[in-house]
Amino acid sequence: MDGSMDIDGEIVDDGSSFTGIVPTFITPNNLTRFHLYEKIELSGEKGVYRFRCLLKDTRSIPESTLIRMLMSWECLYIHKQELGDYDQYLKDNLHIILANDSIAMEKRSLLFSDICSEVIQGVLKENFGVSSLGPKTLTSLNDLVLKAIGFISNIDSLKGLATLIGHDYETHIHSIKVGWLMAIFVKANPHLFAVSGRASFEKLVVEATVMGFLHDIGKAKIPSRVLNKKGRLNNLEYVAIQAHTAYSVSLLFESNFPKYVMEGILYHHENEDGSGYPCRLKQDEIPLFAKICHIADVFDALTSKRPYKASKTPYEALAIMTGVNPKLDILQQMENEVWETGAAPVSVVVRNEKNPDIRRLKHESRLNKEAEKRVEARVKLRDRGMSHCFDSELLKAFVLTLNRSESFDFSTLI
Ligand SMILES: [Fe+2]
Ligand SMILES: [Fe+2]
């Protein structure tokens, strides 16, 4: 901080040194690590403000007075040099903030997804060069889930989750939504799980959530050129992406996660009819957690925006997921080709070009175009119905669970 400024008193600034925060995020029991300011416009001077320090030591104010004060301010400001302390404060008090019903659901949801994003992005970065996920990272993720589980497993939080639906697809945001959907689904359907006792069930809800958060961490091992490709993936890239499930479990090998969590991650792309990957399991061969994760995963993928495709609405996504595909035989044939050859099918090889370099380039571009066309056809075909991919009873339970939130109306699908 500028030495000439007095952090306890007033600071005259153009606003760039401060950031606005939600006053009700401040819980009144511990506030000594950073200062809170109000912003006052200076009369006659455009773009210059007076930031007046409001609270420094909350121990000197009765709690009820402090709560009233915090509720009465629309916005408070933190000096950017103290943002680190504020972020840590939010993490430490997350469980209290998320449980505060007087804060709008949307604000609490955004706070949760921001904090969670930071942690999961850290996980994805950490894994680029390592062979297993460090215990410190897992502990911090577990701590975060424990603090947030009461909030994210509550059906009411679907309202907050709904505000995150329809945005651009990013692996870490996708992972948060899949974990969140799993928390809600497992919590709302205890009859599906053979566990006795409340503590065991609560533990299961936490494990399902962590599993959802980590199900795609293996993507950190996939070349970013493939992972972040703006266009559709060709067949070769598609096969490379498929390796992420194995990478995910490999990174978690030393984690001591229960077998059902590891299997849930490994098999979250298996389809009910045996057309999925990595092992082409079908029906009862697919573990329960994997089936649930698969449903949450596809629901989020369909409702997210991609550079090459618009997002579906939650209703459209579930209509596709529950729909019977009229061209299933053709779709299965195409999936088989990818599985068997692992290569982009190409029917015409450019032979007439004499220059070998140009011939190679032409061949490559032909190959890519052909692959693109086939992937496009596969996606279009898939959009005509995907019920063959899912356990019909679980999918029904998933639709019923989401339908319990006022944010969705799937009554015509049920
Ligand atoms: Fe995945
Ligand atoms: Fe996924």
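# Helices and strands, term by term

Me: Which residues of α4 are buried?
Reply: The buried residues of α4 are Met 105, Arg 108, Ser 109, Leu 111, Phe 112, Ser 113, Ile 115, Cys 116, Ile 120 and Val 123. Buried means that 20 or more other C-beta atoms lie within 10 Å of the residue's own; 12 or fewer is exposed, in between is partly exposed, and C-beta atoms are placed from the backbone. This is a predicted model, where local features need pLDDT of at least 70, side-chain atom pairs count only at pLDDT 80 or more, and totals for chains, interfaces and linings use all residues. Residues are numbered from 1 along each chain as its sequence is written, while chains are lettered from A and ligands numbered from 1 in the order in which they are written.

Me: What covers the buried residues of α4?
Reply: The cover includes α2 (83-92), α3 (94-98), α5 (135-152), α6 (158-162), α7 (171-188) and α8 (198-214).

Me: How do you know that the span of α4 agrees with its number of residues?
Reply: Helix α4 (residues 105-126) has 22 residues, so at 1.5 Å a residue it should span 32 Å. The rule is 1.5 Å times one less than the number of residues. The end C-alpha atoms of α4 are 31 Å apart, which agrees.

Me: What makes α13 mostly covered?
Reply: Of its 15 residues, 13 are buried.

Me: Why is α11 called roughly antiparallel to α12?
Reply: Helix α11 (residues 244-251) and helix α12 (residues 259-266) pack at about 155°, with axes 8 Å apart. Angles over 145 degrees count as roughly antiparallel, under 35 as roughly parallel, 65 to 115 as roughly perpendicular and the rest as oblique. Therefore α11 is roughly antiparallel to α12.

Me: Which residues make that contact between α11 and α12?
Reply: Thr 245, Ala 246, Ser 248 and Val 249 of α11 meet Met 262, Ile 265 and Leu 266 of α12. Contact means C-beta atoms, placed from the backbone, within 7 Å.

Me: How do you know that β1 and β4 pair?
Reply: Two strands pair if DSSP finds at least two bridges between them. Strand β1 (residues 10-13) and strand β4 (residues 49-55) have 4 bridges, in the antiparallel sense. Glu 10 stands opposite Arg 52 in β4. Strand β3 (residues 36-41) also pairs with β4 in the antiparallel sense, over 6 bridges. There, Glu 41 has Tyr 49 as its bridge partner.

Notes: Helix = DSSP H or I, 4+ residues; strand = E, 2+ residues; numbered from the N terminus. Axes fitted to C-alpha atoms, helices over the stretch in contact; angles between N-to-C directions. Contact = placed C-beta atoms within 7 Å.
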